[in-house]
Structures are given as C-alpha cells and as structure tokens.
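Me: Here is a model to go through, with a few questions on its aromatic residues.
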Amino acid sequence: MATTRRDPVPFRREVHAARLASGERFDLLVVGGGATGAGVAVDAASRGYRVALCEQADFGKGTSSRSTKLVHGGVRYLEQGDVGLVRDALRERGLLLRNAPHLVYRLPIVLPLYRWWEPFYYRAGLAVYDLLAGRLGLGRSTRLSRRATIEALPTIRQPSLRGGVRYYDGGFDDARLLINLVQTAADHGAVCLNHARVDRLMKEGDRVVGAEVVDLEKGVDYPVRASVVVNAAGPYSDGVRRLAESGGEDWIQPSQGVHIVLDREFLPGDDAIIVPRTRDGRVVFAIPWHGKTLVGTTDTALDATPLEPVPRRHEIDFLLETISGVLCESVNDSDVRSVFAGLRPLVRKDGSSSTSKLGRDHSVRVGPEGLVTVLGGKWTTYRKMAEDCVDRCADVAGLPRSACRTEKLSIRSDGDPEGPLSHYGCDATAVRGLIAGTPEYAEPIDVGLPYTVGEAVWAIRGEMARTVEDVLSRRLRALLLDADAACRAAPRVAELLAAELGRDDTWARDQSASFSRLAEGYKVTGCERSSA
C-alpha cells in the first residue's frame, strides 16, 4: 500500500498545538527537535507518513545550534582510519549544498605549513579527501606559496612560515538550517511543536504506543498516540529511553565543545584556518562567520547533560592559546565577543577513555518496548541518519514501505541564494515585504548587530519564536555573535514578542531579564571557573 502526500501545515504554533490536541493518531512521534529529530520528521513526512515532532525547549536549543558551523567530511577522521565515515559525510555534504544553497556554502580553508615535511604529508591526505568526495566535491586542494598564504591569511604568524595548503569544505548557519528543516517537515504535513516536553511514554502491554506531551506554553497535556515513537533527543537520549525501560547502562557519552567569537579583524579574508594538531589531540578551526571570527572547538567529557552547558575557563584558555599560536597578535579575554558551549551525543564504547577518539558515526537501536533510538552522528550526516531511522521505523511498526525522497528534496531554498536576505530561502520575498511595509522595521535591533526589527518580527510571526532567547539566539544569531549587543537588544525584542503574542508589560520585562541572565553565561566573565 502506498503512502500519500499530506497537506502542508501552516507554520504557526497554535495550528500545530491544535493538531496535537485533536487526538489524531500518527505513524511516527519524534521526540527531539534538533538536527536528528527534524531530519527524521522531514524524511518520514516526505514519504507520506503521518508525523508529529515535539521539542522540550526550542527547535535547535541544544547541540544543533552550537556547532562549529562546518558541513564537512572530517579531515581528522582520515588519520584515524575511518574512511567510510569520511566518504559518507563528503557525499552528504554535497547533497546538502545542493538542497540548501541559501544556507550552505563553499568555504576555503587554509592549513599553514611551518615544517619541511608538512607539505608532503598534508597534500597526500587532502588528495585522498578530494578523491573520496567524488563528483560532489567542492574543489581540489592546492599548494600555496608563502606569499599566497599571507595574502589569504594576512594575520597569520609569519616567522618560519613555509606556505600553506588550501582545501574546500562547507560552511553553514546551523540554527537557520534547523528552522528550515522543521518548516520543510510542516510543508509535507508534519505537526511540529516547540516548548512541548515529553514527560511519559504511553504503553499498551509492553509496547510503547505514544507519549504524554506537556505544552509548556499553555500548561496542558496532550496524549499523543503513534505507531512508533522515535527517540531523537541527542545528548538527552538516555533520559528519554529510561521512560520506556528502567536500568541498564548509558548509551551516550556526552562531550562538551566550546567556541569563542572574535571580531573580523582577526581573520579579515574569506579563508578559514585549520590548526591540525593541538595538545588535546583535536583540530581547531578559525572561521569567518556572519562578520565575525568563530574559533573552536574543545572536547571535554561530561558526566551530566545540562540543557544550557557552561564553558569552562580551561576550555577558553585552550582556544585563546591555540589561536594566538597561529596569529601574528595574541588574543585575550577582552577580544572575546561571545563564548558558547554545545554537547555532542557520542556513542559510548567500552575501553575508550578519550572522547576525541570516539567515532562520529551513528546507530539506530530498537528497545524491547519498541522505542526506536537514534544515536551519535553529526550535522553533516543528519539526512542519512534520518533515512536509516525511518527505514527501521517502517519495519518496527509495519508501515507501508515508501522510498526515501530526501536526496533531492529542497530545504526551502527557492529563490536567489545571493540576493538580500537570501538566507531566508523561499521566505526572503515575504521578509523583504514585511520590512518595506513598516518604516520602523528597517531599523537595526542594535547598532552592533546585523539584524533589523523586521527580522525579529518575522521570527515571531513566521518561525514560531516564543521567547527572547528563541529570537536572539537561534532565529537571529545575535547571542553567539556579541553577547553584550544581544543584551542591549533584548528589551526591544521582548516588547515585540509581547505585542505579537498578546502578553503584558510584566511578561516582557521578565523575558528581558531572563535573557540577560542567560547571556551572562556567553561572556568570558560568566564562564565556569574549573580546572582541566
């Protein structure tokens, strides 16, 4: 029996909440609104399955808005011998660039060379990298002279510099892509709700048949029934799994990655920098991003999975030390505009004491109660993870078989990928019209940020933003670009939210104050004072 195309669901929260409250039965209920959950929702909905997705906070609140902003195969995994992971990731990188060209772009990365043997070693590795990318490659790596390296990286440390190697990977805006994925799922009939927490899994006998979903905005519960429930909660997957089965060992080893954001003057060109060897065994990137320089990342094993992870002092010091070692001027605390941390949902393996050596591949597991859990993976491979998961769900629930359609599925990328506000994809015309129709909407939300009042209004009306944090952290990337500027913009955004959502002045003041407290953790002065 074939599945059928579902009607689009307007991307307004009240519409999606009403659908969840209606008692409708779904084929898949997805728990988790990050890249994995959104990918599963897009894949399943585009096949014609009836899909509901619930996210306890905001879409992309966790890991999926806190990445290194790279769509890449993972050069360092070649050195670890994980050729299969690299090959698959490079293929997915090419597909993502094709399907979301308004958010994913070709990024040149330069590896500066200081030792005599490095040109031969790294050129050989990058030649394999290019070969594995095949027809979906973004460009072949090339050797750069010393002069060409300095022209590409004017701020690079020049003593002993022998030249460089330039290769190509993908850059992107992770949270913007995540919002477009959720919208794409809704375009194909999926019901998607943020600020909706799963507190209990419903069972019939020993089988999971749905979940009790708490609408945190309205303070009401929705019993949602489904043929199969997907646990796509990333670092929080073990917690969701234990709603179905108590006891047992953890499947996830959480790891924290920290990034710092500097002004553009530290990396004024269009090329990124890769530091291939650091004292903790990772690579570190410095990337031009939204008019700033993003530097990351670290790899720190954690015992807990907080919803709002806090950077630690030793992690910030490591990044400052690493980037200062390759630039002609040192970088210190006063240069940091924002610092943020994200959690990696690494799959636990016996005998591995280093999270940097844990693989970034994924697995799909089915528990004895029929709960399907997606583990591991990374942003680049979200689409393949989703395909594998939905295939497994169809088997578990006995759903009619339907082929995956996401290899060539546009992620709301209609329109000119180079035009004004092009990062809004097929919504760009509507956003331009909104701004043009009201003069005050063309004003900046803060002089230190590249966003207008109209873009904040669009985030509320067209992208399901419900809090100041939703707007300034994920719809607009203000909090990650400049924490102080984001704090200055918070009262204005709170007023806009109150007007659009029918809230009073007290609510708006509480929202602004709550955001300001959150933003303290994105400043160097608010980091956790722990030792390594």
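Me: Is Trp379 buried or exposed, and what is its relative accessible area?
Reply: The model is predicted: local features need pLDDT of at least 70, side-chain atom pairs count only at pLDDT 80 or more, and totals for chains, interfaces and linings use all residues. Residues are numbered from 1 along each chain as its sequence is written, and side-chain values use heavy atoms, without hydrogens and water. Buried means under 20% relative accessible area, exposed over 50%, and partly exposed in between, with a 1.4 Å probe and protein chains only. Trp379 is therefore buried, at a relative accessible area of 10%.

Me: How many aromatic pairs does the structure hold?
Reply: Rings of Phe, Tyr and Trp (its six-membered ring) pair if their centres lie within 6.5 Å; planes under 30 degrees apart count as stacked, over 60 as edge-to-face and the rest as tilted. By that rule the number of aromatic pairs in the structure is seven.

Me: Which kind of pair do Phe11 and Phe59 form?
Reply: Both Phe11 and Phe59 are buried. Their ring centres are 6.4 Å apart, with 35° between the planes, and the pair is tilted.

Me: Which kind of pair do the rings of Trp379 and Tyr382 form?
Reply: Tyr382 is buried at 7% relative accessibility. The ring centres of Trp379 and Tyr382 are 5.7 Å apart and the planes lie at 75°, so the pair is edge-to-face.

Me: The charged end of Arg106 sits over which ring?
Reply: A charge sits over a ring if NZ of Lys or CZ of Arg is within 6 Å of the ring centre and within 35 degrees of the ring normal. The charged end of Arg106 is 3.8 Å from the centre of the ring it sits over, that of Tyr168.
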